[in-house]
Amino acid sequence: MDIPNIADIVIIGGGVMGASAAYHLAKRGMKNIVLLEKEDLFGTGATGRCAGGVRYQFSTEINIRLSLESLPMIERFEQELEQAVGYRKCGYLLIATKEKDAAAFRRNVELQNSLGVHTHFLEGDEVRTRLPLMKFEDALAGTFNQEDGIVDPNSVVAGYIRAAQAIGVRANTRTEVTGIQVSGDQVQAVETTRGVIWTRMILNAAGPWAGQVGQMAGVQIPIVPIRRQMFTTNPLKEIPEDFPFVIDFARSLYFHREGEGLLIGMSNQAEKPGFDQTVDEKFEFMNLEAAIDRMPLLEQASRASHWAGLYEVTPDAHPIFGGSHLKGFTICAGFSGHGFMHGPVAGKLMSEYILDGKFSTLDVSMLDLARFKEGRLIKEYNVV
Ligand SMILES: Cc1cc2nc3c(=O)[nH]c(=O)nc-3n(C[C@H](O)[C@H](O)[C@H](O)COP(=O)(O)OP(=O)(O)OC[C@H]3O[C@@H](n4cnc5c(N)ncnc54)[C@H](O)[C@@H]3O)c2cc1C
């Protein structure tokens, strides 16, 4: 199928952000929407490689409010889009082993509770009682929210793409954007591996590659790709069905039930920015050792699968929503490793920005691109 040579908007990137934005724009009645994805399939970038965790437990009001809008959209997903997404509310249990983290956790729970989020603060002993299979002698505190959980990212992307196509969006895989033409201070066209598309509006939803796409248009976007990886184990009969998403916060080490086994990951704090998505086996071994340290029964486990993906990290670990100095060049990217869960509301917010010139579901205007130059950074503490 040929790609069109003219569009009212070109969305670059077929991950959760691009798919959600395409659906929400079309649902609002926008016509001639073209979505371009460079890979063979939609959702094979960060979205398809993510851990699928969804949570209310953040440290900033804006991230909590994004979850308060987005997670109910995921709950309604099947009803609205006729696509099951497997929302499993196993709860997130964040564990602090350092005094400063325990103090921050206490503040975070107070903030979350004040916004209507039912997170509980746990003492160290309560953490140990809840996790009999794990060794957390050094746990000082924990926070738990039963509404947090796991969702299937591929189903969310597939649901949005199918629904968007059904209402007229032309969504294309195997189409890489290679350049952006500008006339004066206005976007004019998108160059792709399959031809040029004339358009006056672009949405950069290229996730970890959003900085590259920005460069094509002369827009500096401070998003860096950082490799993150994880592995899964064979079935482990000892793991109860209600095992929570456990995060050993100081080590950025996490565990959640995946099928009948576990998914385990750890963030390499020494990882340099780059686009390499191969698994670093040496670091994987360190991850395994840290995991066995916390859960000795893993000594008997074997690896079922492993993979790596890219976080899309901004200087303050918050996303970028809105426009730029270049007319017609909009951005929805930079979710810094926790964006899958905010994809539903992010697409809706961008549809409001593009069609109405303002965000109405939630005011995210403080998360604009200009904040980096103007020093208006909002730091998130709960980054894993
Ligand atoms: C290991 C890992 C674990 C994570 N765990 C979680 C989690 O538990 N919960 C959570 O909420 N988030 C998690 N995240 C973060 C989450 O995956 C991202 O924040 C989110 O998926 C970003 O979505 P996106 O649509 O912006 O990016 P992507 O899904 O990467 O989509 C961008 C798309 O743009 C395409 N593209 C790029 N350049 C071009 C071009 N020039 N032309 C055409 N197409 C292009 C790419 O191929 C890609 O498909 C995790 C991420 C990783 C890597």
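Two strands pair if DSSP finds at least two bridges between them. Strands (E, at least two residues) and helices (H or I, at least four) are DSSP runs, numbered from the N terminus. This is a predicted model, in which local features need pLDDT of at least 70, side-chain atom pairs count only at pLDDT 80 or more, and totals for chains, interfaces and linings use all residues. Residues are numbered from 1 along each chain as its sequence is written, and side-chain values use heavy atoms, with hydrogens and water left out.

- Strands in the order 9-10-11 form an open sheet with antiparallel pairing.
- Strand 9 and strand 11 (195–198) are the edge strands, each pairing on one side only.
- Neighbouring strands here are turned by 25° against each other on average, direction ignored. Axes are lines fitted to C-alpha atoms, for helices over the stretch in contact, and angles run from 0 to 180 degrees between N-to-C directions.
- Six bridges join strand 9 (residues 177–183) to strand 10 (residues 186–192) in the antiparallel sense.
- Ile180 stands opposite Val190 in strand 10.
- The hairpin of strand 9 and strand 10 has two residues between the strands, and Gly184 takes a positive phi near 65° there.

- An open sheet of eight strands runs in the order 5-6-4-14-15-16-13-17. Its pairing is mixed.
- Its edge strands, strand 5 (120–123) and strand 17 (303–313), each pair on one side only.
- On average, neighbours in this sheet are turned by 20° against each other, direction ignored.
- Strand 13 (residues 224–233) pairs with strand 17 in the antiparallel sense, over 10 bridges.
- Arg228 stands opposite Gly309 in strand 17.

- Contact means heavy atoms within 4.5 Å.

**A helix pair**
- Helix 3 (residues 61–75) packs against helix 10 (residues 343–356) at about 105°, with the axes 7 Å apart.
- That makes helix 3 roughly perpendicular to helix 10, a term for angles of 65 to 115 degrees.
- Helix 3 brings Leu66, Glu69, Ser70, Met73 and Ile74 to the contact, and helix 10 brings Gly343, Pro344, Val345, Lys348 and Leu349.

**The ligand**
- The ligand is surrounded by 38 residues, each with a heavy atom within 4 Å of it.
- The closest are Glu37, Ala46, Thr47, Gly53 and Glu312.
- A ligand oxygen atom is 2.5 Å from an N or O atom in the side chain of Thr47.
- A ligand nitrogen atom is 3.1 Å from a polar backbone atom of Ala51.
- A nitrogen atom of the ligand is 3.2 Å from a polar backbone atom of Gly337.

Terms used. Parallel < 35°, antiparallel > 145°, perpendicular 65-115°, else oblique. Polar contact = N/O pair within 3.5 Å; in protein donor to acceptor, adjacent residues only side chain to side chain.
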